[in-house]
Amino acid sequence: MSKTKKHIIIITVSAVLSVLLISSVFSVMKFGPINCFSSFPAFFRVACGSEDVIAVDGDRVLMCSPTDSAEKLISYMESTGAVHNADEDLGGRLSFTKDSETFEMALRVNGNYALLTRV
């Protein structure tokens with residue numbers, strides 16, 4: 001193998017690893033999970049409007065379009081068997097009970113998506 005081929009391979013591998021590292025850091029900062037292969041496709045499906053609510057990291061991190069995001073979250077959680085506790089909601093935190101466990105989902109909305117994180 002010539003030196004130029006080795007340099008090209010090293011540069012290509014370095015570039016791919018750099019992109020994966022930057023994508024993972026961006027995914028953690030913006031969406032929560034370190035797995036950029038679950039968060040970026042979910043983001044693009046929300047941006048295209050193909051789905052209402054998308055699970056990014058199980059039921060721990062959800063993503064939906066910013067329009068009527070609280071109603072979409074409530075509808076999605078009720079479809080999974082959770083009950084919305086409207087009296088216990090606090091601003092951007094919606095309270096739910098599922099299998100005798102009470103938990104909250106924090107709602108963060110920007111112009112492109114709504115991110116719903118289990119607290």
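Helices (H or I, at least four residues) and strands (E, at least two) are DSSP runs, numbered from the N terminus. The model is predicted, so local features need pLDDT of at least 70 and side-chain atom pairs count only at pLDDT 80 or more, while totals for chains, interfaces and linings use all residues. Residues are numbered from 1 along each chain as its sequence is written, and side-chain values use heavy atoms, with hydrogens and water left out.

Select helix H3, residues 69-79. Buried means under 20% relative accessible area, exposed over 50%, and partly exposed in between (1.4 Å probe, protein chains only). The buried residues of H3 are Ser69, Lys72, Leu73, Ile74 and Met77. An α-helix has 3.6 residues a turn, so residues three or four places apart point the same way.

Next, show what covers these buried residues: the cover includes strands S1 (53-57), S2 (61-64), S3 (83-84), S4 (93-98), S5 (101-109) and S6 (114-118).

Now pick Lys72 in H3. Lys72 counts as buried because its relative accessibility is 18%. Contact means heavy atoms within 4.5 Å. Apart from neighbours within four places in sequence, Lys72 is in contact with Asp52, Val53, Cys64, Ser65 and Thr67.

Turn to the backbone. Most residues other than glycine have a negative phi. Select Asp68, in the loop between S2 and H3. Asp68 is not a glycine, yet its phi is positive, about 50 degrees. Past H3 comes Gly81, with a positive phi near 100 degrees.

Last, go to Ser100, in the loop between S4 and S5. The phi of Ser100 is also positive, near 60 degrees. Ser100 is exposed, with a relative accessible area of 75%.
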